[in-house]
Amino acid sequence: MISAQQWYADARYTDFGPYEIFYTESGAGEAIVFLHGFPTSSWDWYKIWPELSRRYRCVAFDFLGFGYSSKPADHTYSIHEQTDITEAVIRRTGPTRFKLIAHDYGVSVAQELLARQREGRDYAIESVILLNGGLFPETHRARPIQKLLLGPLGPVLNRVLGFGRFSKSLNGVFGKDTQASDEELREFWRLLNYPDRARRTHKLIRYMKDRREHRERWVAALRKSPAPIRLINGSVDPVSGAHLVDRYRELITPDADVVALKTIGHYPQVEDPTGVLAGILGFGRGGYKA
């Protein structure tokens, strides 16, 4: 296991305006860029990172407001800015052709990257693997805590949120037999609060508004993607589980490339890394090496 301490031990940063963005990279060869979810960080990939970095050059980073990246308090966060940051990390680390693996919050960034590629960016996305995330706002079943954070009580809830409420809410989206361990929950909590309780959940949660505002652009990015897409989905996820797959097949294509993990929840890469790795390495059209 790569502990969070090990993950961040050799911290690297790139500048984005006045802010610092944490990133890490490992391995050699074809590149994979990883996009993490809300409200966690790039450490989410720790269980699949060793195997993939033996085969690929793997690049991961913390979005602005997450993990070890800067967390400005007086800031309006947006998916478009996070996509700008992704492009900055790609320029910093160098790959012009890469594969994408995205989860949760990161799937919206992946959709915006696909839209920008069609508009003539100087990089090529070779393939996309999407884990559980709100690809369509109408199927995103926000948790009660997310709705509260997005509302007028959001700043208050952000201040008073404790570990008990956080851990109960987070494990509520995991499968019943694949719950996060206490050690994992405490690391997720520490990274959320790093440094000095600097959590910005009530500001970051506005991504749900971004998804509604840019729905047509981001759905079109999936429909018109020149890169093959595979969806690896934890079916029992109450936020974006099997019901998301149904909508994906309805809107994108009935014969969509989907790997359904029947007993897994919202964090497949944490709950079932073996199943996720099999889904990644078995994605033949995407050029993955088994």
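Two strands are said to pair if DSSP finds at least two bridges between them. The model described here is predicted.

## The sheet

Eight strands make up an open sheet, and their order across it is S1-S2-S4-S3-S5-S6-S7-S8. The pairing in this sheet is mixed. The edges are taken by strand S1 (12-16) and strand S8 (258-261). Each of these two strands has a single partner strand, so one side of each is left without a neighbour in the sheet. From one strand to the next, the twist averages 25 degrees.

Strand S5 (residues 97-102) and strand S6 (residues 124-130) run parallel and are joined by six bridges. Within this pair, Ala 102 has Leu 130 of S6 as its bridge partner.

## Strand S7 and its neighbours

Strand S7 has partners on both sides. With S6 it pairs in the parallel sense over three bridges, and Arg 230 in S7 stands opposite Ile 129. With S8 it also runs parallel, joined by four bridges; here Leu 231 stands opposite Val 258 in S8. Between S7 and S8 the chain passes through H12, and this β-α-β crossover is right-handed. Helix H12 (residues 242-251) packs on the sheet, where it touches strand S7 (229-234) and S8. The direction of H12 makes about 155 degrees with that of S7.

How many of the six residues of S7 are buried? Six of the six are, so the strand is largely enclosed by the rest of the structure. In a regular strand the side chains alternate between the two faces of the sheet. In S7, both faces are covered. Ile 229, Leu 231 and Asn 233 are buried on one side, and Arg 230, Ile 232 and Gly 234 are buried on the other.

## The contact of H3 with H4

The axes of helix H3 (residues 79-93) and H4 come within 9 Å and cross at roughly 70 degrees. An angle from 65 to 115 degrees counts as roughly perpendicular, and H3 and H4 are therefore roughly perpendicular to each other.

From H3, the contact is made by Ile 79, His 80, Gln 82, Thr 83, Asp 84, Thr 86 and Glu 87. From H4, Tyr 105, Ser 108, Val 109, Glu 112, Leu 113 and Arg 116 take part. The residues of this contact divide into four nonpolar, five polar and four charged.

## Cis peptide bonds

A cis peptide bond joins Phe 38 and Pro 39, with omega at about 5 degrees. Pro 39 is found in the loop between strand S3 (31-35) and helix H2 (49-55). Another cis peptide bond joins Tyr 194 and Pro 195, where omega is about -20 degrees. Pro 195 lies in the loop between helix H8 (182-193) and helix H9 (201-204).

## Positive phi angles

Asp 104 is not a glycine, yet it has a positive phi of about 55 degrees. Its place is in the loop between S5 and helix H4 (105-118). Arg 197, also a residue other than glycine, has a positive phi near 60 degrees. Arg 197 is in the loop between H8 and H9.

Which of these residues is buried, and which is exposed? Asp 104 has a relative accessible area of 3% and is buried, because buried means under 20%. Arg 197, at 52% relative accessibility, counts as exposed, because the limit for exposed is over 50%.

Key: Residues are numbered from 1 along each chain as its sequence is written. This is a predicted model: local features need pLDDT of at least 70, side-chain atom pairs count only at pLDDT 80 or more; totals for chains, interfaces and linings use all residues. Side-chain values use heavy atoms; hydrogens and water are left out. Axes are lines fitted to C-alpha atoms, for helices over the stretch in contact, and angles run from 0 to 180 degrees between N-to-C directions. Contact means heavy atoms within 4.5 Å. Buried means under 20% relative accessible area, exposed over 50%, partly exposed in between (1.4 Å probe, protein chains only). Angles under 35 degrees count as roughly parallel, over 145 as roughly antiparallel, 65 to 115 as roughly perpendicular and the rest as oblique. Ala, Val, Leu, Ile, Met, Phe, Trp, Tyr, Cys and Pro count as nonpolar, Asp, Glu, Lys and Arg as charged, and the others, Gly among them, as polar. A crossover is right-handed if, with the strands pointing away from the viewer, the path from the first strand over the helix to the second runs clockwise.
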